[in-house]
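The entries follow the structure.

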Amino acid sequence: GGLLALIGLTGARLSEWLEADWSEIVRGDDAKLMLPARRSKNGAAAEIPIPPAGLAILEVIAEVTGKQTGPIFPGRKKGKSKFMARPSRAFDRVCAAAGLEGRGFTIHSLRHAFASALANAGVPPVIIQALLRHRTAAMVNRYCHPHWASMSTTVAHLGAKVMPDVM
C-alpha cells in the first residue's frame, strides 16, 4: 500500500507517516514532510524529502479519501490507521508475495533498504545520515548493507586503476 511505499521512498519511520498531517506536507519541486520536533525520535524538527513517486501516492490518498486536511492516515487510536489497521500484516503479505516470508523482515527493514539503496548508488554516507536523521555515522553503517554487485564493480574499478596495463 501507499504507507509502505512512502516509508520505502523516504526512509521515514512508520510512526512518522502514521502520525503525519496534511499541514506538514510541502508540495512542489522541493516536496517534503515537515516533521515537528515533538514527533521526531531524536527531538529535532526535520524536513523529509518526498520524491515525485511519493507525492503521486499522497495525491492518490487525497483523491481516495477526499481530504487534504487533518491526518493523512486517520485512525481510531494514535499509531493506528483506519486504512491500514495493522501495517505489519500488510507488510507480511507483501513479503509472502515476494517469497520473503519467514526471513525476519519488518516494516523497519524498509529504512535499511532505503539506506542500502542510497549507499549502493554511491550517495555519500553524510547524506544518508542526514536523510535517516541519525546522529552518528556508526548508526548509518548499521543500516547500509552493500549489494554484491556494488562490491564487485568497486573492486573491478579499483583493479583497473591500480593495474591499468593488466585490465
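The model is predicted: local features need pLDDT of at least 70, side-chain atom pairs count only at pLDDT 80 or more, and totals for chains, interfaces and linings use all residues. I number residues from 1 along each chain as its sequence is written, and side-chain values use heavy atoms, with hydrogens and water left out.

I placed R133 in the loop between helix 6 (125-132) and helix 7 (137-143). Helices (H or I, at least four residues) and strands (E, at least two) are DSSP runs, numbered from the N terminus. I noted a positive phi of about 60° for R133, which is not a glycine. Most residues other than glycine have a negative phi.

Next I looked up R39, in the loop between strand 2 (32-35) and strand 3 (46-49). R39 is buried, with a relative accessible area of 10%. Its side chain makes a polar contact of 2.5 Å with that of E24; such a contact is a pair of N or O atoms within 3.5 Å, where within protein one must be able to donate a hydrogen and the other to accept it, and residues adjacent in sequence count only if both atoms are side-chain atoms. Setting aside neighbours within four places in sequence, I listed S15, E16, E19, A20, E24 and L33 in contact with R39 (heavy atoms within 4.5 Å).

Last, I found D29 in the loop between strand 1 (25-26) and strand 2. D29 is exposed, with a relative accessible area of 90%. I also noted 8.8 Å between the C-alpha atoms of D29 and P51, which are 22 residues apart along the chain.

How values were computed:
Buried < 20%, exposed > 50% of the residue type's maximum accessible area, 1.4 Å probe, protein only.
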